[in-house]
Amino acid sequence: MSRRKTERLLNLVICLLATRRPLSAEQIRHAVPGYDRDGDEAFQRMFERDKNELREIGIPIDVVRDPWEDEPGYRIERQSYELPEITLEPDEAAVLGLAAQVWQRASLAEAASGALLKLRAGGVATDQPVGGSMGGFIGGGALELRVDTRDPAFPALWDAVRDRRAVRFDYRSAGSENVRARTVEPWGVVSRNGRWYLAGFDRGRQAPRVFRLSRITGEVTVLGRAGAFEVPEGVDLRGMVGFPDDSPEERVAVIRVRRGTCEGLRQLATAVREADGGWDEAELPFFDPERLAGWMASLGADVEVVEPPDAREAVIRRLKGAGAS
């Protein structure tokens with residue numbers, strides 16, 4: 001399915017979910033991006049195909065006939081569309097979380113907001129927010145998917161991989177404080193054990209290399225035109241990053257948490273006990289100190305990593321980097 005068609009179908013679903021009353025085909029034509037440029041006959045054919053495809057995948061589009069209106073109206077009843085409460089096993093939840101991280105960076109979220117904006121501009125009342133049933137949509141000025149990867153370099157690298165454009169960034173090697181500029185032809189972004197990696201061709205070293213996103217410092221600069229290089233046929237990105245059978249060893253961080261804050265952290269902790277001065281002390285399991293540091297740094301002054309030392313140093317490094325930017 002083409003990207004344009006995918007965007008149009010997603011916009012149509014959001015439009016029919018958000019409206020408070022059934023919409024005529026003409027209202028849908030003007031509200032949903034992808035329809036408004038087509039002639040009457042072309043629009044009718046496309047709209048019929050789209051309705052059929054959505055119904056085939058289980059999305060119920062209701063046809064409402066008002067005796068006072070010449071044309072039928074269309075909408076998606078929220079009760080028919082939403083899933084019942086689902087209980088996930090930890091490994092299932094991890095897979096869905098990974099998928100959501102990728103969706104966050106997809107440009108579909110930005111395009112989808114156009115349907116709601118056009119509806120409101122045309123005087124059609126919409127529900128706000130659209131909320132939960134879309135798997136992470138939130139309301140506000142725009143409709144977007146948000147699940148944070150905690151790696152600031154992710155958006156630029158994701159776009160560069162898609163457009164096949166070279167990038168330049170500063171990179172801190174493992175076990176070293178030295179930062180060097182790297183120019184890379186990005187082949188793909190891969191996740192392993194909760195960490196994100198860039199695989200590609202390092203122009204400086206004239207060889208394929210892998211870079212952990214959490215070690216990229218500062219901004220990623222995109223170079224040159226789109227389509228400037230080709231990804232080698234048959235390249236194994238997962239093999240480049242390495243996916244051994246053994247899992248990393250789980251460790252426990254001791255974290256001071258300001259009393260009355262960070263409820264999400266407290267729920268994930270294996271133990272929480274009172275400490276002095278209005279603080280509590282939590283024991284939090286983790287695998288990767290860099291990923292833990294990204295989370296802790298985002299919580300600001302409400303947390304302090306006490307141990308282990310490498311996790312504490314990773315947080316300090318993150319905060320220093322944010323202060324210098």
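A: Burial is judged by relative accessible area: buried means under 20%, exposed over 50%, and partly exposed in between, with a 1.4 Å probe and protein chains only. This is a predicted model, in which local features need pLDDT of at least 70 and side-chain atom pairs count only at pLDDT 80 or more, while totals for chains, interfaces and linings use all residues. Residues are numbered from 1 along each chain as its sequence is written, and side-chain values use heavy atoms, with hydrogens and water left out.

Q: How many helices and strands does the protein chain have, and what percentage of its residues count as buried?

A: Helices (H or I, at least four residues) and strands (E, at least two) are DSSP runs, numbered from the N terminus. The protein chain has 11 helices and 13 strands. Of its 325 residues, 39% count as buried.

Q: Which residues of α3 are buried?

A: An α-helix has 3.6 residues a turn, so residues three or four places apart point the same way. In α3 the buried residues are Phe 43, Met 46, Phe 47, Asp 50, Lys 51 and Leu 54. They lie on the same side of α3 because they cover an arc of only 135° around the axis, the arc being that of the directions from the helix axis to the C-beta atoms. The face turned away from this buried side carries the exposed residues Glu 41 and Glu 56.

Q: What span does α3 reach from its first C-alpha to its last?

A: The expected span of a helix is 1.5 Å times one less than its number of residues. Helix α3, residues 40–56, has 17 residues and reaches 24 Å, close to the 24 Å expected. Gly 58, which follows α3, has a positive phi, near 95°.

Q: How many salt bridges are there by the rule applied here?

A: Side chains of opposite charge can pair when their charged atoms come close. The rule asks for a side-chain nitrogen of Lys or Arg within 4 Å of a carboxyl oxygen of Asp or Glu. The count comes to 21 salt bridges. One of them joins Asp 40 to Arg 29, with the closest N and O atoms 2.6 Å apart. Asp 40 lies in helix α3 and Arg 29 in helix α2 (residues 25–31), so the pair ties together parts 11 residues apart in sequence. Asp 40 is exposed, at 54% relative accessibility, whereas Arg 29 is buried, at 9%.

Q: Which residues have the most contacts inside the largest nonpolar core?

A: A nonpolar core is a set of buried Ala, Val, Leu, Ile, Met, Phe, Trp, Tyr and Cys residues joined through side-chain atoms within 4.5 Å. The largest has 20 residues, and Leu 12, Ile 28, Tyr 35 and Phe 47 have the most contacts inside it. Helices α1 (3–18), α2 and α3 each supply at least two residues of this core, and α1 gives the most, with six.
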